[in-house]
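Hi there,

Here is the structure I promised to pass on. Please have a look, and my notes follow below.

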Amino acid sequence: MMAMQFVLVMLVDAQAVRVGQGEIASNTAIISDFTGLIEELKPKIETLEKLDDLRSMRGVQELSSTRNRRLFRSMVLRTQEPAVWLAGLYCLNEHFPEEAPVASLWLVSTAEKPFSPLYAPVYEILEDALLSDALDAALTALLASPHVLPLNLQACISGLKKGVLSLWFSRHSDAVLPVNNEAVLLDGLLGDAVVRDEANLKQRVQQLRDVPGYPRYVYVLHGSPHGDGYLEYLKLVLQDSSLDDISVMALIRHRRPLVGSIVSELVLPANRRELIERVLMNVEKTAP
């Protein structure tokens with residue numbers, strides 16, 4: 001389980017609010033189950049862009065009227081039921097806005113498909129968030145977790161407002177992190193328009209080149225292409241089956257001329273070769 005304070009609190013609260021067993025959720029309402037809510041929201045889920053679009057939903061209004069923090073937290077935990085966790089997130093944001101960014105960070109970090117359009121309202125909250133003490137603690141715990149997947153962590157970091165990550169790093173630059181997480185962090189920091197001490201960050205990136213997987217990927221993405229053995233590292237990354245297609249496509253777009261010059265030398269499965277050649281062709285067509 002991810003070592004994040006909010007998750008621990010939510011798990012405790014989930015035991016206290018047993019929705020569906022007739023437990024009273026507050027002094028003003030009894031919530032028997034979420035069936036009506038799911039039926040009402042299901043047609044809206046695929047096209048939902050903003051959490052505020054839930055405001056007019058009858059079921060959401062009923063839940064919101066309880067003002068029950070524990071109920072809302074327990075709803076966010078129900079990640080297999082989008083209508084439930086979205087409504088819970090809406091209610092948290094409405095009544096306890098300091099908790100909504102932390103809940104959003106957790107939702108993205110545990111999502112099966114973190115870049116799915118389903119999470120658009122979640123990113124809306126992250127993009128507006130400032131680095132509060134609660135968000136600082138949650139981000140620290142997330143970056144320290146050895147269990148979070150690079151793609152999920154990348155989604156969390158890319159969803160935060162520019163400058164939030166740099167501020168966090170200025171407070172925790174000496175934090176010891178799992179190497180995969182450090183690689184994602186450095187990638188995010190070097191993509192931040194307000195990054196400080198870029199030379200130091202690139203020196204840290206250089207040290208990732210001998211670590212297979214995502215760390216080496218971050219090196220070839222941000223390291224100097226004129227460095228010793230760079231092309232050999234680039235080949236290793238393009239041939240690395242552990243890397244997801246999104247990361248590979250981003251690398252090809254960033255290093256198009258170099259990738260094009262070595263693609264014939266790569267030993268690749270058919271699907272990876274087809275991906276590389278297709279992206280190279282599309283980038284060439286759109287190049288100025």
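Axes here are lines fitted to C-alpha atoms, for helices over the stretch in contact, and angles run from 0 to 180 degrees between N-to-C directions. Helices are DSSP runs (H or I, at least four residues), numbered from the N terminus.

This is a predicted model, in which local features need pLDDT of at least 70 and side-chain atom pairs count only at pLDDT 80 or more, while totals for chains, interfaces and linings use all residues. Residues are numbered from 1 along each chain as its sequence is written, and side-chain values use heavy atoms, with hydrogens and water left out.

Let's start with two helices. The axes of α8 (residues 133–144) and α10 (residues 164–172) come within 11 Å and cross at roughly 75°, so the two are roughly perpendicular (65 to 115 degrees). Asp 136, Leu 139, Thr 140 and Leu 143 of α8 make the contact (heavy atoms within 4.5 Å) with Leu 165, Trp 168, Arg 171 and His 172 of α10.

Now the aromatic rings. Five aromatic pairs turn up across the whole structure (ring centres of Phe, Tyr or Trp, the latter by its six-membered ring, within 6.5 Å). Trp 85 and Tyr 119 have ring centres 5.2 Å apart and planes at 20°, so they are stacked (under 30 degrees). Trp 85 sits in helix α5 and Tyr 119 in the loop between α6 and α7, so this pair ties together parts 34 residues apart in sequence.

Tyr 219, Tyr 230 and Tyr 233 form one aromatic cluster.

Best wishes

Conventions: Rings of Phe, Tyr and Trp (its six-membered ring) pair if their centres lie within 6.5 Å; planes under 30 degrees apart count as stacked, over 60 as edge-to-face and the rest as tilted. Angles under 35 degrees count as roughly parallel, over 145 as roughly antiparallel, 65 to 115 as roughly perpendicular and the rest as oblique.
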